[in-house]
Amino acid sequence: MEQYLELPVLGVIPEAGDHKQAGRRRFLGRPAEEIMEEIKLIVENDPKSPIAETYRAIRTNLQFAGAGQDLKYICFTSSVPGEGKSTTISNMA
């Protein structure tokens with residue numbers, strides 16, 4: 001993705017043990033309330049963990065990436081389904 005779009009990767013979230021299970025569920029077509037009950041909010045439940053720190057580092061990188069400008073697009077991607085995009089987006093929010 002980095003080479004194709006010629007854009008930098010701002011961070012990578014490591015595999016999170018028990019936390020990764022939330023990303024393995026299928027969320028398509030389900031009510032948002034039901035989805036949010038299942039997604040692990042690592043930054044809220046374990047704010048001092050290394051993974052929570054990774055989310056904060058990505059947040060900082062996003063702030064610097066848009067220095068002086070409003071960011072129009074942010075892409076969260078992975079190589080296969082179920083790797084935790086929904087979990088990552090929820091924790092970034």
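First, a term you'll need: helices (H or I, at least four residues) and strands (E, at least two) are DSSP runs, numbered from the N terminus. Going from the N terminus, the elements run α-α-α-α-α.

Two notes on what you're looking at. This is a predicted model, where local features need pLDDT of at least 70 and side-chain atom pairs count only at pLDDT 80 or more, while totals for chains, interfaces and linings use all residues. Residues are numbered from 1 along each chain as its sequence is written, and side-chain values use heavy atoms, with hydrogens and water left out.

**Stop 1: the whole chain**

Switch to a surface view. The chain's accessible surface comes to about 7300 Å², and carbon and sulfur atoms own 53% of that. Such areas come from the Shrake-Rupley method with a 1.4 Å probe, and for residues only the protein chains shown count as cover. Of the 93 residues in the chain, 22% are buried.

**Stop 2: helix H4**

Select residues 50–65, which make up helix H4. H4 has 16 residues and spans 22 Å from its first C-alpha to its last, close to the 22 Å expected at 1.5 Å a residue. (The expected span is 1.5 Å times one less than the number of residues.)

Now color Ile 51, Ala 52, Thr 54, Tyr 55, Ile 58 and Leu 62, the buried residues of H4. They sit on the same side of H4, because they cover an arc of only 155° around the axis. The arc is that of the directions from the helix axis to the C-beta atoms. Helix H3 (42–45) and helix H5 (85–92) are among the things covering these buried residues.

**Stop 3: Thr 54**

Zoom in on Thr 54 in helix H4. Why does Thr 54 count as buried? Because its relative accessible area is 18%. Leaving out residues up to four places away in sequence, Thr 54 touches Val 12, Ile 13 and Pro 14; a contact here means heavy atoms within 4.5 Å.

**Stop 4: the salt bridge**

Still on H4, show the side chains of Arg 56 and Glu 53. They form a salt bridge, with the closest N and O atoms 3.1 Å apart. The term means a side-chain nitrogen of Lys or Arg within 4 Å of a carboxyl oxygen of Asp or Glu. The structure holds one salt bridge. Arg 56 and Glu 53 are three residues apart, about one turn of the helix. Arg 56 is partly exposed at 26%, and Glu 53 is partly exposed at 42%.

**Stop 5**

Select Thr 87, Thr 88, Ser 90 and Asn 91, which are buried in H5. Look down the axis of H5: its buried residues fall within an arc of 165°, so they line one face of the helix.

Finish at Cys 75, in the loop between H4 and H5. Is Cys 75 buried or exposed? It counts as exposed, at 57% relative accessibility. Pick the C-alpha atoms of Cys 75 and Lys 85, and you'll find them separated by 10.0 Å.

How values were computed. Buried means under 20% relative accessible area, exposed over 50%, partly exposed in between (1.4 Å probe, protein chains only).
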